[in-house]
Amino acid sequence: MKSTVNIQEIEKQRVNPAKWYANWKFITASIIFIIALIIAAGSYYQANHFNSEIKINDIKVGGMTAEQALKKLKTTVLKNVVFVGNQQILDGTDTKMGFAEKDLPDVKKLLKSQWTFFPSSKTKTYSLIPRSQDQFRNQTLKKQVEEKLIAMNKALKAPQDAVVRLDQGKIVVANSISGEQYDVTSLLKDYEKHEYISEIRLNPVYIQPIKEDSEFIKNQQKRLEEFLAQTVDYKVQDKVFTLKAGDLIKNASISKDLQIKINDAGVIKDKIAEINNSQSTLNKNFSFKTHSGSVISVKGKGYGWAIDVEKEIPRIMEALEKGEKSVAAANIYGNGWKGEGYGYEAITNNGIGGSYAEVSIAEQRIWIYKNGKLVVTTNVVTGTHSTHHDTSPGVWYILYKQTPAVLTGRENGKITYQVDVNYWAPFTNDGQGFHDASWRGNWGSKAYLAAGSHGCVNTPPSIMKTVYDNLSTYEPVVVY
């Protein structure tokens with residue numbers, strides 16, 4: 001039996017292109033919409049939540065909103081444990097991080113900075129400091145760390161810098177030695193930069209010694225070389241002695257600010273003593289040209305001067321240390337009542353100068369000179385030779401002048417006489433001097449042999465005022 005095809009059924013089963021296209025568009029749009037919705041939802045989530053492996057101050061905030069992260073930061077406790085390298089040096093007081101609502105904008109800023117279009121599992125840690133300063137962390141704990149490091153350093157070996165010194169006339173450098181003490185300043189700077197987390201780990205930094213090949217040591221060597229080459233002119237009266245550091249200084253040190261310190265004055269002492277021996281007049285014989293032109297040698301007694309070597313040494317040392325160009329002798333002593341020396345200013349006439357009194361025992365006469373010119377001469381009577389009251393030979397000086405005066409004679413501690421005079425000018429510490437003698441009748445040139453004075457130079461009253469007026473305190477009196 002032949003089947004009969006229903007044309008109408010076939011037409012019904014045939015797809016309508018227009019309808020199929022409309023259905024496809026609807027499905028596609030729906031899919032796109034769903035995808036867009038998913039993407040929008042994901043983007044919104046990403047924009048408002050931290051990625052999974054994000055940390056703030058070592059606190060995990062992955063998946064949290066800014067508000068949730070801030071809440072966690074608020075409640076987080078800092079242990080405040082401090083390490084230097086792997087060694088724990090301090091277990092500080094626990095404190096809260098100190099975050100507040102005013103820190104929310106900073107948390108949101110971190111949230112924005114870590115955003116990725118697609119979720120990320122990349123580990124990243126951020127550091128955030130509360131806007132309100134943590135007084136404990138910034139001040140108290142920091143001070144505790146500093147005190148702890150200083151205390152620890154006391155028990156640790158200190159480094160030794162390379163040292164430059166002058167040793168037996170040679171510049172030597174002692175090598176540096178490393179130590180174990182911490183560089184507290186550097187560690188505190190590291191502390192200040194440290195992240196705001198519970199464990200504060202500081203990288204060990206040690207105090208470094210000054211090395212022997214450093215520029216600093218080279219500068220010290222150069223300074224010592226310059227020091228050894230320098231000189232100072234030492235002036236004594238009208239003479240100048242050039243003193244070279246290299247010849248005098250055998251041992252010296254140098255400070256970090258390049259200041260020289262002389263450690264041995266032995267050679268300086270020898271040099272000043274040598275100059276003193278050649279220039280001083282104290283207790284030496286004076287070469288003296290008498291009124292007659294003859295040259296004699298007269299022992300220095302009260303008159304004369306010498307350099308106080310011990311007191312001059314530090315002055316020379318200081319001049320060399322400071323690089324001064326010259327220094328004049330200043331510490332002079334002698335046989336004066338208070339240890340003062342006289343004649344330092346007298347350069348001419350072999351140290352006696354041009355103003356002096358000359359006393360000849362043999363001729364029983366005196367001559368007084370002022371600035372090299374004879375101003376007065378007269379016969380005198382000196383100490384009695386037969387009773388050993390001779391006027392003492394030597395180079396003396398006028399101690400003082402007095403008018404009028406009472407002269408007192410003593411023998412064995414007893415007063416043997418007292419006499420009034422109009423003018424008195426002593427020149428020895430035991431009471432010899434020039435004075436008028438109105439009681440004397442014998443003025444002969446041989447009177448001193450048996451009928452002289454008790455040691456003084458008796459001067460005729462008629463000329464004594466002139467003699468007195470031309471005698472000056474501290475000027476020499478040459479008795480021979």
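The protein chain, seen here as a predicted model, contains 12 helices and 29 strands. Its radius of gyration is 53 Å, well over the 23 Å that the globule rule gives for 480 residues, so the chain is more spread out than a compact globule.

**Overall form**
- Along its principal axes, the C-alpha trace of the protein chain spans about 205 × 45 × 40 Å.
- Of the 480 residues in the protein chain, 40% are buried, and the chain exposes about 27,200 Å², of which carbon and sulfur atoms supply 52%.
- Among contacts in the protein chain with a separation of 6 or more, 63% are between residues 24 or more positions apart.

**Helix α7**
- Helix α7, made up of residues 215-229, reaches 21 Å from its first C-alpha to its last, close to the 21 Å expected at 1.5 Å a residue.
- The buried residues of α7 are I217, Q220, R223, L224, F227 and L228; seen down the axis of α7, they fall within an arc of 135°, so they line one face of the helix.
- The face of α7 turned away from this buried side carries the exposed residues E215, E225 and A229.

**Nonpolar cores**
- The largest nonpolar core has 32 residues, and those with the most contacts inside it are F227, Y234, I249, I268 and L320.
- Elements that each supply at least two residues of this core include α7, β11 and α9, while α10 gives the most, with six residues.
- Leaving aside residues up to four places away in sequence, Y234 touches residues including F241, I272, E312 and I316.
- A second, separate core of 24 residues includes A357, I398, V467 and L471.

How values were computed
Residues numbered from 1 in each chain as written. Predicted model: local features only at pLDDT ≥ 70, side-chain atom pairs only at ≥ 80, totals over all residues. Heavy atoms only, no water. Helix = DSSP H or I, 4+ residues; strand = E, 2+ residues; numbered from the N terminus. Expected span 1.5 Å × (residues − 1). Buried < 20%, exposed > 50% of the residue type's maximum accessible area, 1.4 Å probe, protein only. Arc of directions from axis to C-beta. Core = buried A, V, L, I, M, F, W, Y, C linked by side-chain atoms within 4.5 Å. Contact = heavy atoms within 4.5 Å. Rg over C-alpha atoms; globule rule 2.2 N^0.38 Å. Areas by Shrake-Rupley, 256 points an atom, 1.4 Å probe, with all protein chains shown as cover.
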